[in-house]
Amino acid sequence: MKFLNKIIHELLAQNPDLSAFNIILPGKRPIVFIRQILEENNYSGLLPNFFTIEELINKIADKQVIQGIPLWLFSFDVYRSLNLIPRDDFSDFLKWFPTLQKDWDDILKFSDSDVAVLQYMFDEERIKEWAQDLGEDDDVPRKKFLNFWQNMNVFLPELKSRLQEKNWATSGMIHEAAKAGISDFARSTPEQFVFCGFNAFTPVEEKLVRNLLQWNKAQCFFQADRYYFNDERQEAGKFLRNHKTWKEFDDNRVFEWIEDDFNQPKKIKVYEVSGNVTQTKVLPEIFKEINNKTFSNTAVVLLDENLLPASLDVMHGVENLNITMGFPLKNLSFSNAVKRLFYLQKQLEKNKTSYYYRDIFPILEELPKSAKDELIINDFKAKIEERNIVYISKKLLNELLSELSYFGLLQKAVSTNAYLDILISFCHQVKWLEIDDIQYENVSHFENAFRIIKNQLTPYNIEIKMETLEILINQHINSESIDFQGEPLRGLQIMGLLETRLLNFENVILLSVNEGKLPLGNSQNTYIPFDIRRFFDLHTFLENDSIYAYHFYRLIQDAQNVHLLYNALSSGVNTGEKSRFITQIEMESSHEIEHLIIENSSEPIMTKPIEISKTEIVKERLQKWKGKVSASHLTSYLYNPIDFYLSKILNTSETDEIEEELSVKNYGNLVHYSLQEVYEMLKGKVLKESDLVKSIKAIDEYINIAIEKLKHQPEFYEKGMNYIHKAIAKKVIENVLNHDLELIKQGNTLEIVDIERRFENIEFYLEGNDKISFMGFIDRIDKLNGTLRIIDYKTAKIKNLTVKIDEDNVAEYFHNSDRKQALQLCIYHYVVQHLPEFWGYPIETGIWSFADAKKGMVSLQFDKGNIDDAMKAVKNLILEILNPDVNFVESVKSY
């Protein structure tokens, strides 16, 4: 820590007792390094006092700071009392006040008079109004903006007055209050101040420093470098060049220090990386180049705080790690769950009868839970998924989740106050569960926020709707972060850019060195236009760019190895453009820069098809399978052998998922089950016209029975695409029944023999005495004019029902998945031939496709060969499945 060392040695040379000094720093982080330096120098006296410059300004102003939720509530109370138009409620007020308040603080810090700026804004809007006829309509945007600044000229002075009565102040008011007391403070204070490492000052801070210098009660140590200080074009030196012109710096008090570190030899590498998270994957390779494996002089600077989890993931091998940056509260699971809870409450205000399953499931997944809660939730999800309930009634939710410890959070809140009580109680209860430290911090932040809101609401008669409470919580979530505690004196340092102030590292690695991240660019959230900010000397994005430039150059000026990584992919707000600071050092500095392009190395987990060999246990399972072989097993194997392996060898099945729109599979089941109910009533009789006419009239009843069989809720089919699917299903059933009705009208004899006919133990010999047994279900067996028809219902279209089999192709004929419908019908033909009750009848097998129901059954035809030849091809397929030397190999489908 070269700069801090230099300061300490300078102070010790002046006075061996450092307690005589008050050291003023831009932030608290360097204090621990100063203490280490004193320890290394065997300093045994009292420590100096440490302050940030904000603390010193607050001390002079002597005001109670008010910010965040308490300030918003107090300000709304003032706004409401003024009866301004529009009469915004609290939720509308929160949409504009936090941004305005930041602008107001800027005005108070940087301008001579906030009243003058507010009046100027109002006058400018009035001048713009002269240029066009705005009419009487108050909704014209420009007129609304004019009215807004007219209101602010009344509201903000009144707010300031009311805050002053309470001796409260915003950060801007503190600066304004301190301004008046600085001269007296500088004259009367007996203390000595040392300002270390500052760059940009607000006018009040500058006045304080200069007054103390004039009374010889202060010293200033700046960390400047000739590279950017002497070059007027370099924005990094903008503020320091201005400070050097202060009259307080003369022959007796020189401007300290301007060094020449940036031009010393350095290794600078720029990495163009394809992807944001991919940057973190480069870190282990960079660490290999660092000789000191304790990484005690290495800093990883994250310009995008969202990369922290991914960075930590690749640093698991680093022994000592210190995180000196906050992690945004909004990125944690409990924060997401709280957001979802408020969203659920808003939905319950709109729909008071049921819960949408997507509003409930994520909350149950993300909220911390006990083992008992876990069992209740798993049972609840299983039942909802099994019955495919998209909209869960309040009665059913109560029935399934009433034992849940936080069930009250899922119910419609009686009032926001009551809901806050439930939230506070829940947070308190969660902290007793076994949760990790980060989640504990997350929950504690929220418990504290809920208590603050509840306590702050008490003095004000403000009606808080659930939507308003949600906005308040979101504002809190978006502004808070969890701070990590670690050992800053050992190991690798992970930091944000602002945390690097005053610190120096030999190895510096910066991630996300993109335009828009470094510098932030023109992304200020403000109501005050650029030209007015310039006119009143308020900071604009140009000043912010200069501040960022200084932090960047100051960090790398002392470093020996610099690694700059940027994301070259455009996505969202990221343009994939490297920071202009990289371009500057490429074009202007004397350093040679090495450029590397890193492609996203992510590859598919498996580049080759999955292949599973037939081990002893697989062979055992296959022997067991031989006792119950169905046609669908063989078609599954044809489609993909791995599917066959998963379902028939491992006995796994797909998990139930809730369908918001009826799937192809369940649409087929709906028609199938309905037809089953229709023909079950007609089974065993020769059909008459009246039977089918009666059935056609009762289709709706049969569909409702099928819906019960599917365990679906009737309301699932009441609207949207599912209503259309049900209507199409009804039309298909009508077409099937009408087709049979036409057959009878034409004088044919039609008898329904069986529906969903189960068969098993139908033996089929392979080689010698080796055999398998067929089992399964036939959808429909009927007799048409004495011919036995074996019918299989299909949702899909019919294809390849013409068999052309001979000696040349018999071995591989059914190894083609396009022939799986014919394969299935051949097996049914073989099975029926072996059922004694059907001996002697002519047999016809076919598919009845729901996609073309009017067409009726389409029969299997043999152009070449016969059923015996077909069964030889079936035997070959089964032998392949049983062959221990033929592995299960995944069929990779090309799209």
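## Exercises on a predicted model

β23 and strand β25 (residues 843-849) pair in the parallel sense over 7 bridges. This is a predicted model: local features need pLDDT of at least 70, side-chain atom pairs count only at pLDDT 80 or more, and totals for chains, interfaces and linings use all residues. Residues are numbered from 1 along each chain as its sequence is written, and side-chain values use heavy atoms, with hydrogens and water left out.

**Exercise 1. Are β23 and α25 largely enclosed or open?**

Step 1. Set the cut-offs. Buried means under 20% relative accessible area, exposed over 50%, partly exposed in between (1.4 Å probe, protein chains only).

Step 2. Count for β23. Here 7 of the 8 residues are buried, so β23 is largely enclosed by the rest of the structure.

Step 3. Count for helix α25 (residues 631-639). Here 7 of the 9 residues are buried, so α25 is largely enclosed too. Among the buried residues are His633, Leu634 and Tyr637.

Step 4. Find the cover, using contact (heavy atoms within 4.5 Å). The cover of the buried α25 residues includes α24 (616-625), α26 (641-649), α31 (820-833), α32 (867-882) and β28 (888-889).

**Exercise 2. Describe the surroundings of Thr170.**

Step 1. Locate Thr170. Its place is in the loop between β4 (168-169) and α8 (171-188).

Step 2. Check burial. Thr170 is buried, with a relative accessible area of 1%.

Step 3. List contacts, not counting residues up to four places away in sequence. Thr170 touches Ile66, Leu71, Trp104, Asp105, Leu108 and Leu163.

Step 4. Compare sequence with space. Thr170 and Leu108 are 62 residues apart in sequence and 9.6 Å apart in space, C-alpha to C-alpha.

**Exercise 3. What joins domain 1 and domain 3?**

Step 1. The assignment includes domain 1 (2-62 + 176-221) and domain 3 (267-325 + 486-598).

Step 2. Size the contact. It takes 15 residues from domain 1 and 14 residues from domain 3. The buried area (accessible area, 1.4 Å probe, that two parts lose on being put together, summed over both) is about 1,300 Å², and carbon and sulfur atoms give 67% of this.

Step 3. Count salt bridges (a side-chain nitrogen of Lys or Arg within 4 Å of a carboxyl oxygen of Asp or Glu). The count between the two domains is 1.

Notes:
Helix = DSSP H or I, 4+ residues; strand = E, 2+ residues; numbered from the N terminus. Domains from an automatic or database assignment. Pairing = 2+ DSSP bridges.
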